[in-house]
Amino acid sequence: MDSIRNITAITKRELGSYFESPVAYVFMVVFLVLIGFLTFFVSRFYEAGQADLRPFFFWHPWMFLILVPAVAMRLWAEERRSGTIETLLTLPITMTQATLGKFIAAWIFLALAILLTFPIVLTTAYLGAPDRGAIMGGYLGSVLLAGAYLSVGMLTSAFTRNQVISFVLAVVICLFLLLAGWPPVTDLVARWAPDWLVQGVAAFSFMPHYEAFQKGVLDIRDFAYYFSIMIFMLFGTNLVLENRKSA
Amino acid sequence: MLKVNHLRKTFGPIQAVNDVSFHVERGEVLGFLGPNGAGKTTTMRMITGFLPPTSGTAIITGHDIVREPVPAKKQIGYLPENAPVYSDMTVWNYLAFIATIRGFTGCQRQERVGKTIELCRLESVKHQAIGTLSKGYRQRTCFAQALIHDPPILIMDEPTDGLDPNQKHVVRMMIRDMAPQKAIVISTHILEEVEAVCTRAMVICNGSIAANGSPADLKTKSRTYGAIELTLSSMPGDLISKLQQLPSAAKVETRDHSVTIYPRDPKQLFPDVMGLVKANSAWPLTGLKALDGRLDDVFRNLTQAREPAATR
Ligand SMILES: Nc1ncnc2c1ncn2[C@@H]1O[C@H](COP(=O)(O)OP(=O)(O)OP(=O)(O)O)[C@@H](O)[C@H]1O
Ligand SMILES: [Mg+2]
């Protein structure tokens, strides 16, 4: 019970501090404006006149690539820089509780930003009869993808007190995980690399799992994939922090 | 209450703490003294479970900080160096957050936070963001954070750093008032503070304990312990030579109108000097003072002798 209480307390504190600072609002506005711009003007969603949200969800992995590491980079780096990590980690909590509390708060924040795109869904309802399952699946996949990116960013944030380094590392790792399974890239690589290698690496990629959700297919394996990425990264974060708290 | 066993910490090639052992019982206030970089903060960080020791451990009321960190940390209140607190929270919200993690809920929590704010005199700023507070108030907020659960063991790294003289006094009084129920460890660079609040002082140098004893004990190691200072309106010609002939005097120093006699035998010096003074009633004596030793002398002796090693 203590652990639930501690995680909730940390999550609440973190969420509070997001909305205490203007950064959160700036982030939300930038996200919403960008996604709107990309969907309507670049993908010409409206002109296509189809009640299909694929042009909207197409942009999520690319936008998250910049925006999620930006949220994640301060998670531990900031605690390190200001020294508050010392007051936090000498409280009677475990490292896992601290990591989880922070992770959940940032994830809720991202989910909130994603859900605020619902006017776009209303537009599809206006254009025709959208496939509800596909929309729900798309959103679910998007939130899970954001969580996976976030866990990567959290790990890189634990590595260093320098937020820029943390950001760049997270972008590079996420980009790799994204491209490893993106057909334009896999097709290119398949020309010279053995098939088993391409498939093996692609299995680690976000992309195929993300696309499955958009079709409205909820496969337990896709959930398992995202959660194992997150658990793996959070575990790594714990390990890194245990060993270099004061560095 | 607090038992520290052979703590050791190395950062790469740097040996920050080297085999430090001591214990602190209820009612004791232990003062850590030592030059910059001696390893005081590192020792405290290991005791409070922030840094894993390279070897050794600390036992907090029976709980090993390395093997059972959570129950051990419950017994500790810790004020880290430089008072790191979340700058975007208000004082009240911050303390409420700490109280929640310390296991208080509902109105018990409100009451606890309110009381601590009162105790640490933070009422006037309780709804202000911590980042906008002055350094002293930030320090007090962090102090409040360490006290909120009334811990049996209190570890404070330079608790009066950045406080004004009145607040320094208040904090020392608070430490003294709490002392009978708690085991307290503080680190400080202010030697008067050690004499004012500590029942025991420990000098740390280059990561190991150079001296450990009550402030009065430590002072006996001072050069001036047992020395006698005479002040005179003019200097009679025979004074110095007569003093130097005393078997209990080691050295006589004059400055302007005062003479300091350092003892060879601290117990015998005072009666000897008194005898001389009585026998020479013509000496224009205006004052006589027995010195009881100075901690900064002891500190300098213990730490400067090792300075070459410290520069590595
Ligand atoms: N994270 C770290 N990495 C490397 N070296 C460290 C680290 N933390 C402390 N040290 C080294 O350990 C030694 C002891 O430092 P510590 O902070 O414990 O000193 P201190 O006694 O608290 O000094 P001060 O009086 O200045 O506060 C120093 O040589 C310091 O450089
Ligand atoms: Mg220090």
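**Close-up views of salt bridges and positive-phi residues**

**View 1. Thr61(B) in its loop.** Thr61(B) is located in the loop of chain B between strand S4 (55–60) and strand S5 (63–64). In this predicted model, Thr61(B) adopts a positive phi of about 35 degrees, although the residue is not a glycine. Most residues other than glycine have a negative phi. With a relative accessibility of 29%, Thr61(B) counts as partly exposed.

**View 2. Asp256(B), with a positive phi.** The phi of Asp256(B) is near 45 degrees, a positive value in a residue other than glycine. Asp256(B) belongs to the loop between strand S12 (249–255) and strand S13 (258–263) of chain B. At 70% relative accessibility, Asp256(B) counts as exposed.

**View 3. The salt bridge between Lys102(A) and Glu14(A).** The closest N and O atoms of the salt bridge between Lys102(A) and Glu14(A) are 2.8 Å apart. Lys102(A) lies in helix H7 (residues 95–115) of chain A and Glu14(A) in helix H1 (residues 2–20) of chain A, so the pair ties together parts that are 88 residues apart in sequence. Lys102(A) has a relative accessible area of 2% and is buried; Glu14(A) is likewise buried, with a relative accessible area of 2%.

**View 4. A network of salt bridges in chain A.** Salt bridges link Arg13(A), Glu14(A), Glu79(A) and Lys102(A) in a network. Over all chains, the structure holds 21 salt bridges.

**View 5. The salt bridge between Glu28(B) and Arg200(B).** Glu28(B) and Arg200(B) form a salt bridge whose closest N and O atoms are 2.9 Å apart. Glu28(B) is placed in the loop between strand S2 (14–24) and strand S3 (29–33) of chain B, and Arg200(B) in strand S9 (residues 200–205) of chain B; the pair therefore ties together parts that are 172 residues apart in sequence. Both Glu28(B) and Arg200(B) are buried.

**View 6. The salt bridge between Asp150(B) and Lys182(B).** A salt bridge joins Asp150(B) to Lys182(B), with the closest N and O atoms 2.5 Å apart. Asp150(B) lies in the loop between helix H5 (135–147) and strand S7 (153–157) of chain B, and Lys182(B) in the loop between helix H6 (165–178) and strand S8 (183–187) of chain B, so the pair ties together parts that are 32 residues apart in sequence. Asp150(B) is partly exposed, with a relative accessible area of 47%, whereas Lys182(B), at 4% relative accessibility, counts as buried.

Definitions and conventions: Residues numbered from 1 in each chain as written. Chains lettered and ligands numbered in written order. Predicted model: local features only at pLDDT ≥ 70, side-chain atom pairs only at ≥ 80, totals over all residues. Heavy atoms only, no water. Salt bridge = Lys/Arg side-chain N within 4 Å of Asp/Glu carboxyl O. Helix = DSSP H or I, 4+ residues; strand = E, 2+ residues; numbered from the N terminus. Buried < 20%, exposed > 50% of the residue type's maximum accessible area, 1.4 Å probe, protein only.
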